[in-house]
Amino acid sequence: MTARGEGLRSRLGELGAALRLGWQAAPWLLLGYTALTVATAAAPVATAWLTKVVLDGLTGENDRVMTAAIVLVSVGALTLAMPHARRYLRAELGRSIALRTQDRLYTTVNGFTGLSRFEDPAFLDRLRLAEQAARHTPGQIVEGTFGIAQSVITVLGFVASLAVISPIITVAVLGAAVPTLIAEISLSRRRARLMWNISPVERREIFYGRLLGDVQAAKEIRLFGLGDFLRGRMRAERLRANGQHRRLDRRELIIQAALSLVSAGTAGAGLVMAIGAALNGSGTAGDISMFVVAVASVQTSLTSLAEQAAYTHQELLMFGHYLAVERLGPDLPPPARPRRLPRAGDIELRDVWFRYSEDHPWILRGVDLTIPHGSTVALVGLNGAGKSTLVKLLCRFYEPTSGSIHWGGIDLRDVPAVDLRKRLGVVFQDYMSYDFTAAENIGLGDLTAIEDRERIVAAAERAGVDDIVRRLPHGYDTMLSRTFFMETDRDDPVTGVVLSGGQWQRLALARALLRDDCDMMILDEPSAGLDAQAEHEIHHRLRLLRAGRTSLLISHRLGAVRDADLIVVLEDGRIAERGDHHELYRADGPYARLFRLQADGYRDEVAATGAEP
Ligand SMILES: Nc1ncnc2c1ncn2[C@@H]1O[C@H](COP(=O)(O)OP(=O)(O)OP(=O)(O)O)[C@@H](O)[C@H]1O
């Protein structure tokens, strides 16, 4: 099949999908809209014929003038009322379709179990277009298709009427519309291509805009005086996008102006011919009126048809991005024969190699590691050693490039990702701070407990954050946001409490601890927001709480994890050494060196301040 044929097939497929969506979303609205479209399309033809009958009646050509006049008035009244009813149905239909489309899009996005798609710029561009498309496009395609149908009905009615009066003019008027149709379709193709090409530019522009209004970025932007620099970059992106839009708009302007001249010429010539015929006595006054209305309506309808076709074509191309995301399929292959994870079981990494893509370097290089059930294992190493990557593999956000990870002997690839994640409690290095209440921020850890205040408070106590939350203006119901506020808080001066980094971190820990039944707890570098004492206390607490369960701790503060049953040192994606604190200290390898370095730092500080050791 040729590329053009392939394109047509794709557009028809997209059209079918959009109409199906409309039908599934609101069948009755769609039927009502269909009926009104047909009536709206037929009304101008009926009006023109009735006007001709009335005019001919007045000049003595027929005697049904009064009846025609009454019907004409009725059709006129309907013509006035129908656009309002159509507008209402169109808006309602658009809302119903958008609701369904957005819902389906985000169901699809939520269905991606891994992270790699969210790191792929091409996918992100497509997703942005799909999000735009989900909001408006299917509704606009339905509307455009109905607009086309309406124009076709009107054109056919008038063409038939015009053909009765002058077949030559009919052919000329129709002929003049063909280039318009072709030009509009080609322009719409260019418009859709433009949208795709400028998508990265617009994504960067949005990024700069968000950065400029972001509360977290505000500190550095002000401190380093980055405001104008970022604004300048945002402006440059907009100028680039504007330039591309302008080039297309100019092309559109020239083509459409030329086509309008052709249409005007055809109409003028037709009018002269019709008046000539009336003067010769081979036509009536009604014929002239019919002719004038028919030419004007056919041209208007054909122009509108061409525009609607082009617009719908463009929307179909946009809708293609939505369908492409929806049809992507799973990012990580779901297990062919899903297996259940055993309650107790060691976690084993068997010769795990990993890189983020073929273009990236190896991050993990043949890691063999057993995390015994119920033990506390600490993972230490320099920045970039691959510690967080290993955690992401344990959560199955990615799959090992080669090698495998087993839980109680079962390959994680054979376990549905959702089941695996129910068994994990994780505080990521870059944990989330939600613009919700304190209770909700904890409750999100287990949605079955989001309304269960007792469990939420218990988790907060375990994470050592209960006191902090109780001291907030509305306790657990305090909104932790300056972006949103509750209606009741509108005039409250303490609205929008801002927590410290360490307090947020404890809240994230409480969120993870809410999962009473999780088998493995992972803490990825809590030291970022916690003081040394707090980190030690949390690790100690966790040890008591997690008795009999497995913990994986990642920390740069070696003192905080020295009690771990097993300490694993990762260097450049390989395990450099492993053992407990004493074994590693005696071995005098990288761990001992790092430990001494940190201990010396404290000792020097103590000596310098003269404080008691
Ligand atoms: N999504 C990603 N895509 C590509 N490379 C990545 C990605 N995430 C991490 N990396 C790279 O993988 C390497 C290991 O990163 P990782 O975050 O696992 O190290 P880490 O040991 O946790 O470091 P740190 O102590 O600084 O947190 C780094 O070189 C990093 O640039």
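Biologist: Which strands does helix α9 lie across, and at about how many degrees does helix α9 run to β7?

Modeller: Please keep in mind that this is a predicted model. Helix α9, which covers residues 387–394, lies across β3, β7, β8 and β9. Taking β7 (520–524) as the reference, the helix runs to this strand at about 150 degrees.

Biologist: In what order do the strands of the open sheet stand, and which are the edge strands?

Modeller: The open sheet has six strands with mixed pairing, in the order β6-β7-β8-β3-β9-β10. Neighbouring strands of this sheet are turned by 15 degrees against each other on average, when direction is ignored. A strand that pairs on one side only is an edge strand, and this applies to β6 (424–427) and β10 (574–579).

Biologist: How many bridges join strand β3 to strand β9, and which residue of β9 does Leu379 stand opposite?

Modeller: Strand β3 (residues 376–380) and strand β9 (residues 566–571) run parallel, and the bridges that join them are four. Leu379 stands opposite a residue in β9, and that residue is Val568.

Biologist: Which strands does helix α14 lie across, and at about what angle does it run to β6?

Modeller: Helix α14, made of residues 501–513, lies across β6 and β7. Its angle to β6 is about 175 degrees.

Biologist: How many residues surround the ligand, and how many of the shell are charged?

Modeller: The ligand is surrounded by 13 residues, and the closest are Tyr356, Asn383, Lys387, Ser388 and Thr389. Sorted by class, the shell has three nonpolar and eight polar residues, while the charged ones number two.

Biologist: How far apart do the C-alpha centres of domain 1 and domain 2 lie?

Modeller: The protein chain is divided into domain 1 (10–326) and domain 2 (347–423 + 519–609). Four residues of domain 1 are in contact with four residues of domain 2, and the side of domain 1 that touches domain 2 has one nonpolar, three polar and no charged residues. The C-alpha centres of the two domains lie apart by 58 Å.

Biologist: Why does Phe207 count as neither buried nor exposed?

Modeller: Phe207 has its place in helix α5 (residues 167–213). A buried residue needs 20 or more other C-beta atoms within 10 Å, and an exposed one has 12 or fewer. Because Phe207 has 14 such atoms within 10 Å, its class is partly exposed.

Note on methods
Residues numbered from 1 in each chain as written. Predicted model: local features only at pLDDT ≥ 70, side-chain atom pairs only at ≥ 80, totals over all residues. Pairing = 2+ DSSP bridges. Helix = DSSP H or I, 4+ residues; strand = E, 2+ residues; numbered from the N terminus. Axes fitted to C-alpha atoms, helices over the stretch in contact; angles between N-to-C directions. Contact = placed C-beta atoms within 7 Å. Near = placed C-beta within 6 Å. Nonpolar A, V, L, I, M, F, W, Y, C, P; charged D, E, K, R; others polar. Domains from an automatic or database assignment.
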